[in-house]
Structures are given as C-alpha cells and as structure tokens.
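Hi there,

I'm passing on the structure we talked about, so please open it and keep it beside you while you read. My notes on what turned up follow below.

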Amino acid sequence: MSSFLEFEKPIAEIEGKIHELRHLSDDNSVNILDEVSKLQSRVDRMLKQTYAKLDPWQKAQVARHSLRPHFKHYVSKLIDDFTPLSGDRHYGEDKAIIGGLGRFHGNSVMVLGHEKGADTEDRLTHNFGMPHPEGYRKAIRLFRLAEQFSIPVITLIDTSGAHPGIEAEERGQAEAIARSIETCLDLKVPIVSLVIGEGGSGGAIAIAVANSILMMEHSIYSVISPEGCASILWRSAEYAKDAAISLRLTAQDLIKMGLIDKIVSEPIGGAHRNPDKAVDDAGHFLFEALKSLQGQNGDQLRTNRREKFIAMGQIGLS
Amino acid sequence: MSWLDRFSRTKVSGLFRKSDIPEDLWEKCTNCEQMIFHRDLTLNMRVCTHCGFHMHLPPKERFSSLFDDAEFSSMDLPKAPLDPLKFKDRKRYTDRLKEARSSEHKHTDALEVAHGKIGGQEVVVAAFDFSFLGGSMGVAVGNGLINAGKLARELKSPLVVIPSSGGARMQEGALSLMQMARTTVAVDDFKADGLPYIVIFSNPTTGGVTASFAMLGDIAIAEPGAVIGFAGQRVIEETIRQKLPDGFQRSEYLLDHGMVDMVIHRKDLREMLSRIVGILMHNNQDNIKPAGNPTVVGST
Ligand SMILES: [Zn+2]
C-alpha cells in the first residue's frame, strides 16, 4: 500500500515494519512469522477503529482515494458483456461519463457513470471524471435507449463536479444537467444509483435521480466541495475540514435526512484496501435494489420516483 | 375546500407615487459605480440611468412592474424546516436567516409568488430576491416553486419564474442539492397540463438554479447584461488559468450561443410577456388590451 492518507500514518508505520520483517530474512522462522501475524492483527484492529470513526473530512479523502474502485472496476467485475456506447449525437464523446449495455446477474441492464481515471494519462482521458455537456447529453441518450427497450438503469456516481470551463458553458452545461435530471425523473424503467466515491453537486445529481439511491459507506455526497464551501463562507479553502463537518456530506448523514435508501458497508480500512470485496458487496445490494422494484410498472416507477424527491427535505438532523 | 383557499391572498397595489420616494437619497450603480438619485433609479425600475445596467429588482417591485395596473395578490408560502443541518460557518445559519428576515423587505425566504393579470391574462409569477442570502435555493425556495406550480395549474394560467440566484443554499447541504430535482418535478408537472412556462433570467443566475428549473422554460427571456451560467467565473478562471472572453456568461453571449430566445429590456418585459402568453393561451385579440410594441434588445 503506497498511498497512505495523513490520518493513517500510525497504521502505515506498522505496515512498514511488517514489510521490513518479511524481507529481512528469507527463512520463514517461526519467530518472524509470529511477530508478523501479531503486527498484522494490530493493523487490522487499528484500521477497524480508525475507519469506524472517520470524521467527514477524512471521509472526503477516502472517497477521493486514487486506489478506490472506480466505474471501470465495478463494471468489469459486475457486468457481463459490457458494451460501451459512445457519443451524444450532438457534439462529441465525453469519457468523463461512460455508459453502455450489459448483463447483470443474467439480465439486461444499462450502466453508466462517472470515471475519474486510474493514472495520470487515464485521468486526462476521462477529464478527472468532470463531464462536459456532451457527457450529460450522452447520459440522456442512454436513459432513453434503456427506456425504449425496457431495460433497467444503474448509475454509478463519482465526480468532483461538472467541468467548469469556457466551452462547457458555451455548449450549455446548465441546460445539459437540467435536461438530464428531467430525463431521469421522466423515465419509465427502474433507475438505481450508487455513489461509489464522490457525489459532487449538480454534476452528480444530474444522473442520480433514481428510484433507489445507495451510497458506499465512506463515500460523500454534497451540494459543494468542502474546499469550495470553505473559500466562500470562511473566505479560505484552509477551512475545508470545518466545511466538511458543517455540510453533513457523509452517507450516514444523508440516510438520516431521508435522502438515500441504503449504505453499503466497505471492507475494513475502506474500499481501496479490498476493491474486489467492495465491488462484490455493492453488486449484491444493487441487485437487491433492482429486484425490489420489479413489481412496479413504468408509470408507477416514474410516479414513485417523482414523489420520492418531492417528499425530500422535510426531515432535518437534530 | 379548494386547494387555493389554503393561501391567504392580499391584494397589493404597488404603483409608485413620486411623493412616496425620498428625494435626497443616492445609490451607486453596481456596474458603472456612478451615483444615481434613488428616486430616478426606482422610477427607472432600477435600470442604471448612466450605463443601462439592470440592477436587482426586489420581488414586490418586480410584480408592480409586470402586472396590469401594478395590481397583484401575494401568496403565503409554506414554512420549511429551520436550519435542518444546524449549520455553522463563521456565523450560524439561523443568525444569517434572522438577519435576512429582519431586513427591510420582511421576507421569510428568497422567493416570492404572486398572481394577477398581465395583458388581461391571469399569470402566476415567482420572483427571487437576491438580497435574501444571494437568492440561494434551499428547501423553502423549492417548496415555493412547487406551490407556484400548483397555483398556476389551479388557475390554469401561465407560470413565469424570474431567477436571481447564486445557486443552491450551501447551508442546507445535500437538502438544497435535492431542490434541483424537486423544482424540476414542479415545472414539468405544470408543463404537462399544456400551460406555458416562461423563465426571465435576471442578474445573476448561476449554479444549481440555472442547472434545473431555470433552463427548462418553454420560452427563455434574459434581461440585458445578466450573468447566466453554471460554474462561477472565478472557479473557471482558477481551473483553466485563462482570461475569460469579453461578455462571457452575459445574456447577449448566451443569446449568441443559442441558450435563450431573446434579450429584453426591463421596461419592455410586461409587453413582451403579455404578447407571448396571449399567443400561447390563444387569447382572442378582442378580449385583451393591446400589447404595445416592445423593443427587442437582441434576438436572432
Ligand atoms: Zn451604471
């Protein structure tokens, strides 16, 4: 594990020791193995304790962790025959949002979501998961395509926000987001959304207006980034931690406010420590969520989704 | 009991009499910074007499400027949960709300709704008050727009929304984000009745407000020089490290890029609205007041 977060330093030190011990001697003497296993259980205990009480700012860092499973991890593990579909048919192909057809537990699905990218080059390709209007217009096209063939939709949310730029504005970033929300609200097939990392404001909700909304345990979902909020309300981005606390952006806060339906527990130490397990567990709950929507016809799905959102906002936190 | 009866309606005549306005007050134009007599500014619907900049027009004055004979009924809006997150930055949100509520306009939040006649046609108008926490959209504003939509459906009248907002209200966290979906339901349910939904962009309209109900108008009108966009200009500059083009995100720029139907001077809005709703509502020419001849500042 190369990229430790600041608050994981004590854990990193012990893991460093384990690493050293393992390489120190080639002979697997009982003493060393014993020491290693002792240290390992200490690491596990510390991870468990640390991750059980992450503060919102720490959660933001875990949610943005570069080794956290991204859209591509989820799709490659959960979706068979994934067939990406490209382009908005208006202007271009935006790889900040990927989407396509596939099979989930044998059933046809449309899957789409933000992809942040894995390394520097990949991140540039995917524009760090920050879509232009084309990304949202492609999403709209795929939503409608799914509806046309009565295929349920899964969306995976992971963006710091829609791309802020001259061309994005010129081509109607606001309009594209608004239409995407409108399309989600109108769709007569099931939509299930899962926030896998960062749910960054309008750029996130644009494809997250779903019948069932899930969040990974350490993901965040917010109206503005903690840094952005801090620079406006505290006049300095240095207060990002305070802003993260005030914004109530954790999955645990959102479920209390009735804004999401389900929290998917992450492996000990966060999804980035065991991506395969994290994705499998998420897959289980995505499947359950889709199953629970099976009894509703198209009109009911549409109406219930609209009423779900209209009803939001009457519960606060005490 | 009709749904409408749940609203207390007060009839207001908002016509200005010159004698009501103090003569010796000055105000500074927020654009050219020239000093203007408060009275001149008010009589000019808060359009700068030097540079023509359209300064924020508070909802009551907005209603007076749009409704026939400046007569309209204000609608009481439902209460929303107060400070649902117990939000605190350098100040408590409850204190910010208190302050905003005790200001001269005595609003409960950043949206006001009224109905009355425009060119003889009953119309519901929802106007944002930028002076109330930057016109930001939280649960109360969402509720206000939902109710404005219901009222317009009940009255079978067009709905006009006039945003002036920095976007979602940060102090209500994810709850404010959800207003993007709630307000979209509100205007789409209204539009499903076959009634016209008209948006008049006023300065500024940004963030989650632009990216939801505001960009979904059947007809999109902008006041001259208004900033309209999704991302804030400072954020864009910091991201791309480039100077922004002249007039970027201004009404005229949006018109050039196909994002609005027309740019209309404030003094001509009433006439233009009355013409558009007259045509869309199939009103017989004999039954309505002549619409006059609005000057179109910019149009394709
Ligand atoms: Zn001026």
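**What I found**

In chain B, 49% of the 300 residues count as buried. Please keep in mind that this is a predicted model. Chain B has ten helices and eleven strands. Of its contacts between residues at least 6 apart in sequence, 69% link residues at least 24 apart.

Now to chain A. Its domain assignment gives domain 1 (6–53) and domain 2 (60–311), and the centres of these domains, taken over C-alpha atoms, are separated by 35 Å.

How do the chains meet? Here, 42 residues of chain A are in contact with 44 residues of chain B. On the chain A side, elements giving two or more residues include α7 (166–170), α8 (173–186) and α14 (298–311). Which element gives the most to that side? It is α8(A), with eight residues. By class, the chain A side divides into 26 nonpolar, ten polar and six charged residues.

The helix α8(A) also packs inside its own chain. Two packed helices are described by the angle between their axes and the distance between the axes. The axes of α6 (residues 133–148) of chain A and α8(A) come within 8 Å and cross at roughly 20°. Angles under 35 degrees count as roughly parallel, so α6(A) and α8(A) are roughly parallel to each other. The crossing is left-handed. Among the residues making the contact are A:Tyr136, A:Ile140 and A:Phe143 of α6(A), and A:Ala176, A:Ile177 and A:Ser180 of α8(A). The contact has eight nonpolar, three polar and three charged residues.

Happy exploring!

Technical notes:
Residues numbered from 1 in each chain as written. Chains lettered and ligands numbered in written order. Predicted model: local features only at pLDDT ≥ 70, side-chain atom pairs only at ≥ 80, totals over all residues. Domains from an automatic or database assignment. Helix = DSSP H or I, 4+ residues; strand = E, 2+ residues; numbered from the N terminus. Buried ≥ 20, exposed ≤ 12 C-beta atoms within 10 Å, placed from the backbone. Contact = placed C-beta atoms within 7 Å. Nonpolar A, V, L, I, M, F, W, Y, C, P; charged D, E, K, R; others polar. Axes fitted to C-alpha atoms, helices over the stretch in contact; angles between N-to-C directions. Parallel < 35°, antiparallel > 145°, perpendicular 65-115°, else oblique. Left-handed = near helix turned anticlockwise from the far one by under 90°.
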